[in-house]
Amino acid sequence: MYLGKADVNTYDKGVEREFLVSNGMGSYGSSTVVGANTRSEHGLLVVRPHDSEQHTVLISKLEETLYANNKKYQLSTNRYKDLIYPDGYRYVQEYQGTPFPSVLFVIHSIFLKKSIFMPQNGTCTVVKYELVASPEQVFMDIRPLFAHRSATESPCAEGRPQYESSQTPEGVVNVQGRGYMSHVSFAGASTALKWSNKPLWFENLIYERDGMPDNPSLDCLWSPGFGSIGMQEGDVVYVVLSEEPIAYSVEDLKALEKETTDRLDSFIKQVAVNTDHTVLQDMVQGSCHLVADNKGSAPAIFSGFPSVEQRARDTFISLPGLTLATGRAEVAKGILANWLEKAVSCDGIMPASIDNHGAPQLGDIDAGLWFLYAADKYSSKVSMDFAKENYPAIRSLLEKYMEGDARLGAVMDTGSKLIKFFNRDNTKHWMSGDVSGEPLVERRGYLVEMGALWYNALKFVQSVALAVGDSAAATEYETLAAEVADSFVRTFWNEEEKYLFDWVDPTDGERDDAIRPNAIFSVSLPHPVIADDKGKQIFTTCWNELYTTYGLRTLDPHHDKFKGRAEGRPDQKKKARLRGMAWPWLLGHFTTAYMRFYPEKKEMGWSFMRPFSSHLRRGCLGGVAEYFDGTMPYRPNGDVLAAISQGELLRVMHEDLA
């Protein structure tokens, strides 16, 4: 990832591009390439909480001032209500994303490179300043700004909080306030650093990506002082921002930097997709932040940034792309094993999420079926051994839908053999949600994607039963799958639209003929429930009515409830999310279906993927956003880096377009 002067030579261009570093354990550092924070979740040190569901922004940013030729140059950039000050973005000449984010400041003949990385399995961010070229000695003041707040908190609501600072004999600056403590230390350069205790408040900083356009979120940050240091050409200064008081030596930090670089290099070399294409290399590198593979803890997939949650649906949808396509089969196996263990502890019900304490939370009716989808992918791409070893637990997951359970919220109808949704408050499908008590999408009874996932699950477990020699169960599931396929077509086929009803209520016969993307799963899953001409008609209708550049819309634009842009009041933005926004993960299934019907048109399949090469250079650099506007100008929304988006596109490139 490389951006030149033309990409960042204005404030607006600079702040629309965001970088991300992470430690593989859920903590991260993120901002824009020009250093101006535009979201309340931005910060150089944002840590995964120990006793809360919300991440904590400990250290927001660094303010850098350079002194040379008897002049003062402020390199940072901040946005206030009616002012951008300082305007250090003017000195940014280029940005590079490999091996980790770095910007090059150029002031006449002075070239100063700033790089940012997070060592794996630790909780610190390292900012490295390297004076690449300078005809004479320069001096720098580096001032850390502390937030000490929840990542989504409104920080200025109660005025200035109380902070205290101190310094250890080793030179570590400790800051305590608002119930948190964080630390800053310095290392490097040919002259000793001098710390000056000069507290200063930075108030009314605007986070323009938050809140309403005319009422953005405001922040107030505190700084205890600044470090001053002289630098000669070739000198390097490290600034360590940490949750614990750490005093690294220069040698320690060089070793951490090399370890971080080597880890990324080795990962890129082992991936299954072809990273000769820079777009794929950028996406693969971005995927590193989404997969936690740490010694001493269970591997996991994070939902995205800044959400950083463990959600079942996001995990299983993205697992084939984030792990199998990137050569991490053992990580995939560990993730599946961990979630299956949680399901066993919940009496055979796959949880919807795992909280920060490792406890499973029930709620999603489709979590178990998406798990079986992911297990099927692992079995077909790697080995059937995992499924065979865990056959009883896998079969229990399937049969829980057959038996029914109030906690599951769904059960197989004994007549149609389709899965019926109970429509209870504590159970959800992927389009669940409400605004002021009004459902975003009203759905009940038989849901079309549940029918497709149910058939897919039956066919997979049938294959596992055969593999372990349970011929009786295999025959039972084969027969049941055939009944499901027949009922599915009879129940959902909409002859008038050449599409599928989104849901059908068996109690009163009411049907929803709104054209939504959920029908695509009937032709995109590994075991498609519809494979004849009706399948191609479904795909064609979906293409004509729902396809956009960056995903499938969640609703036909001709529908009276369609809302194509995430704009206006917060409730209007929330409604748009499932009433018109376009989701890239759905485009993954769309592309798979396309290649199934038109296997000889691989170049056309790439046409669905290529637009993301432009998106990767905006938003979270190297990452794909959670969802986009369903109409022009197709702005990204939600998580700036989303597992389901990144994972599905990598899966398609690996499985269907390789």
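At what angle do the axes of helix α6 and helix α7 cross? That is where this set of close-ups starts, and every panel shows a predicted model.

**Panel A. Helix α6 against helix α7.** The two axes cross at roughly 150° and come within 11 Å, with α6 covering residues 329–345 and α7 covering residues 367–381. Angles over 145 degrees count as roughly antiparallel, so α6 is roughly antiparallel to α7. The crossing of α6 past α7 is left-handed. On the α6 side, look for Ala 329, Ala 332, Lys 333, Leu 336 and Leu 340; they meet Phe 371, Ala 374, Ala 375 and Tyr 378 of α7. Sorted by class, this α6–α7 contact has eight nonpolar residues, no polar ones and one charged residue.

**Panel B. Helix α13 against helix α15.** Here α13 (residues 533–546) packs on α15 (residues 584–597) at an angle of about 135°, and the axes sit 11 Å apart. That angle makes α13 oblique to α15. The pair crosses in a left-handed way. From α13 come Gly 535, Lys 536, Phe 539, Cys 542 and Trp 543, and they meet Phe 590, Ala 593, Tyr 594 and Phe 597 from α15.

**Panel C. Helix α9 against helix α11.** The axes of α9 (residues 391–403) and α11 (residues 471–492) cross at roughly 35° and come within 13 Å. This crossing of α9 and α11 is left-handed. To find the contact, pick out Tyr 391, Arg 395, Leu 398, Glu 399 and Met 402 on α9, then Ala 473, Glu 476, Tyr 477 and Leu 480 on α11. Six residues of the α9–α11 contact are nonpolar, none are polar and three are charged.

**Panel D. The largest cavity.** How many cavities of 30 Å³ or more does the model have? The count comes to three, and this panel zooms in on the largest, which holds about 210 Å³ of space. Its lining takes in 23 residues, and those nearest the centre are Phe 19, Thr 32, Gly 35, Lys 114 and Ile 116. Two or more lining residues come from each of β3 (28–32), β5 (56–68), β10 (102–107) and β11 (110–117). Strand β5 gives the most to this lining, with four residues. By class, the lining of the largest cavity divides into 11 nonpolar, nine polar and three charged residues.

**Panel E. The second largest pocket.** This pocket has a volume of about 700 Å³. It is lined by 35 residues, and if you want to get your bearings, go to Gln 120, Leu 264, Gln 285, Cys 288 and His 289, which lie nearest its centre. Strands β2 (17–22) and β11, along with helices α3 (250–270) and α4 (278–287), each supply at least two lining residues. Which element gives the most to the lining of this second largest pocket? It is α3, with six residues. The lining of the second largest pocket has 19 nonpolar, 12 polar and four charged residues. Strand β11 turns up here and in the lining of the largest cavity as well.

**Panel F. Two cis peptide bonds.** One of them runs from Thr 98 to Pro 99, with omega near 5°. Pro 99 sits in the loop between β9 (92–96) and β10. The other cis bond runs from Phe 305 to Pro 306, and its omega is near 15°. Look for Pro 306 in the loop that joins β22 (304–305) and β23 (310–311).

**Panel G. A positive phi at Asn 70.** Where does Asn 70 sit? Its place is in the loop between β5 and β6 (71–74). Phi of Asn 70 is near 60°, a positive value in a residue other than glycine.

Note on methods:
Residues are numbered from 1 along each chain as its sequence is written. This is a predicted model: local features need pLDDT of at least 70, side-chain atom pairs count only at pLDDT 80 or more; totals for chains, interfaces and linings use all residues. Side-chain values use heavy atoms; hydrogens and water are left out. On a 1 Å grid over the protein atoms alone, a cavity is a set of points where a 1.4 Å probe fits but cannot get out, and a pocket is an open set with protein on both sides within 12 Å along at least five of seven lines; lining residues have an atom within 4 Å of a point. Grid points are joined across faces, edges and corners, and a volume is the space filled by probe spheres set on the points. Ala, Val, Leu, Ile, Met, Phe, Trp, Tyr, Cys and Pro count as nonpolar, Asp, Glu, Lys and Arg as charged, and the others, Gly among them, as polar. Axes are lines fitted to C-alpha atoms, for helices over the stretch in contact, and angles run from 0 to 180 degrees between N-to-C directions. Angles under 35 degrees count as roughly parallel, over 145 as roughly antiparallel, 65 to 115 as roughly perpendicular and the rest as oblique. A crossing is left-handed if the near helix is turned anticlockwise from the far one by less than a right angle, and right-handed if clockwise. Contact means heavy atoms within 4.5 Å.
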